[in-house]
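Morning, everyone. Let me put the model on the screen, and then we'll go through its cavities, a pocket and some packing.

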Amino acid sequence: MSTNAMGPASNSTNSILAEKDASVDTDLANIQNFTGKYPKQIWALFFSEMWERFCFYGMRGMLTFFMVYKLGMDKGVANLQYGATQAWVYAFTFIGGMFADKILGFKKSLFWGGLLMIAGSIILSIDPSKFFFHGIAFLIIGTGFFKPNISSMVGQLYKAGDHRRDAGFSLFYSGINIGAFLGGILMIGVGKGEILNGTIPEELRWNVAFGLVAVVMVISLLTFSVTRKNLGPIGNAPIDYQKEKGKRWYVYAVYIGALLSVPLIITMVSNTQYTDYFMYFIGPFSILYLLYEMSKLTWKENSKLIAAFVFILFSVVFWAIFEQAGGSLSLFAAEHVNKTLLGINGVDPNMVNNSANSLFVIVFAPLLGLFWLWLHKRKAEPNGIIKFGIAFLLLGLAFYTFYTGKLFDKGDGMSPLDILALGYLVVTFGELALSPIGLSLMTKLATPKLQGFMMGMWFLASAYGQYVAGLFGAAISPSESASASEKLAIYAEGYKQFALYAVIAGIVIIIISPFVKKLMRDVA
């Protein structure tokens, strides 16, 4: 009797669930079967990420400058501190990706990260000198939950094998850099008094500069909240908490754990020796975890993950050199670059240092994305590994350009601002050949269940790059007792050495490209 009574109800329930599952699949299929060059959902993710990158790159451009000229740190120490802080930011993207994959889902993770970033900005705006590391800790954790997950959602807008994915990530990367351009100009400009100096009292300039993060992150979260329904099942939690209510505590445990980690992060970021210990641990741990996950996969899936890991390893070298932009190049621009750009006098070198690269990306990223599509139609598009090699060669050329600035020294230890801008133009094409393509490759090479983790590993490689960037920057920091020309020469010789490292890495990548291409299998 009970069996007969339950039969129709059970069949009805199963039918409803089947319809729901079919609807979810249809929603995802509809999203991925878009016509034209870009899916419509990419625009909302574009704008949400744009404001988060305003915060990140605005802060990146201010950190070393603020630590040296406002907190009174030694330049070598400030470079190490910069590397440690940036390393923690990217290390937390690895952790945030893991929690998104297993517990929160991309949508919840992104929103939680945004709230933490707003809190960090408010803390810094109260008193940036007194609460510097407190606010930085919140921003580090918040970025870790936000950054890798929005990139993963962009990847899921495309079906496997969709050749438009690279163009989509190039467009997305352009959005990132609109935010980076605005943040790079406004935050350092307000802090230094180059912007709104007649409106903001001098004693509040840095408070306002740090407070801009909260303003734009509110805009970012509002944009995402209004448009998230258009993403369908993309970014949903991996666990159906409506069915498995007993597991809801997992979500709250992540939230509470993030807050409880704040004092630990404050301690570890403020002492770079602790950062050393963490970096010694997190890399091997991530590799062991990857090996554990690979033990459950087929050789075809694993070969792609091995290829992804090769890209990740080389990206460490790229970012270690590239990220001099926020460290040694920030101090170089402040003290050894003149204020004349294309004949225009009075241009602040730090504002150029912080924004030129982003401006060039805004202009050239969509064009380069369309160029890849044009080559693809003619069966002439280079594969991802060759693009990586090209990126390193261009990076080397860019840093050799920075080196040539010393040739214009007239005894005052000053380099032309035009040379700095030209170097950033060259480095932009290197970045565009690596970073958006790298983001795209991680989503192509990773299995669906490891999307967040592999994106996290990509950003963890950036963490190691940032960490090494701090070491590199400290190594070429000149003594304060040196003359201006001697300091300029020390910086220039360092950049020449970095150029050599980049060219060697690029040649090695191109040589091993056939082997890596085999591992990638059907991924272009």
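What volume does the largest cavity have? About 140 Å³. First, the ground rules. This is a predicted model, so local features need pLDDT of at least 70 and side-chain atom pairs count only at pLDDT 80 or more, while totals for chains, interfaces and linings use all residues. Residues are numbered from 1 along each chain as its sequence is written, and side-chain values use heavy atoms, with hydrogens and water left out.

Now the terms for voids. We work on a 1 Å grid over the protein atoms alone. A cavity is a set of points where a 1.4 Å probe fits but cannot get out. A pocket is an open set with protein on both sides within 12 Å along at least five of seven lines. Lining residues have an atom within 4 Å of a point. Grid points are joined across faces, edges and corners, and a volume is the space filled by probe spheres set on the points.

Searching the whole structure gives four cavities of 30 Å³ or more. Back to the largest cavity: 14 residues line it, and Tyr57, Tyr90, Tyr173, Ser435 and Phe459 are the closest to its centre. Helices H2 (41-69), H5, H14 (417-445) and H15 (451-475) each give two or more residues to that lining. H15 gives the most, with four. Helices here are DSSP runs (H or I, at least four residues), numbered from the N terminus. By class, the lining has eight nonpolar, three polar and three charged residues. For the classes, Ala, Val, Leu, Ile, Met, Phe, Trp, Tyr, Cys and Pro are nonpolar, Asp, Glu, Lys and Arg are charged, and the others, Gly among them, are polar.

The second largest cavity comes in at about 120 Å³. Its lining includes Cys55, Met59, Thr85, Met117 and Ile140. H2, H3 and H4 are the elements giving two or more residues. The class count is nine nonpolar, three polar and no charged.

Next, the second largest pocket. It holds about 200 Å³ of space. Among the residues lining it are Phe66, Lys70, Asp127, Glu202, Arg205 and Trp206. H6 gives the most to this lining, with three residues. Which classes make up the lining of this pocket? Three nonpolar, three polar and six charged residues.

On to helix packing. H3 (residues 75-126) and H8 (residues 262-270) pack at about 145°, axes 9 Å apart. Axes are lines fitted to C-alpha atoms, for helices over the stretch in contact, and angles run from 0 to 180 degrees between N-to-C directions. Gln81, Thr85, Trp88 and Phe92 of H3 meet Ile265, Met268, Val269 and Ser270 of H8, where contact means heavy atoms within 4.5 Å. That contact has five nonpolar residues, three polar and no charged.

The largest nonpolar core has 169 residues, and Met59, Phe311 and Met454 touch the most other members. Such a core is a set of buried Ala, Val, Leu, Ile, Met, Phe, Trp, Tyr and Cys residues joined through side-chain atoms within 4.5 Å. H3 supplies the largest share, 19 residues. Leaving out residues up to four places away in sequence, Met454 touches Leu290, Leu305, Ala308, Ile312, Met442 and Ala446.

One more residue: Ile150, in H4 (residues 132-155). Buried or exposed? Ile150 counts as buried because its relative accessibility is 0%, and the cut-off for buried is under 20% relative accessible area, with a 1.4 Å probe and protein chains only.

Definitions and conventions:
Buried means under 20% relative accessible area, exposed over 50%, partly exposed in between (1.4 Å probe, protein chains only).
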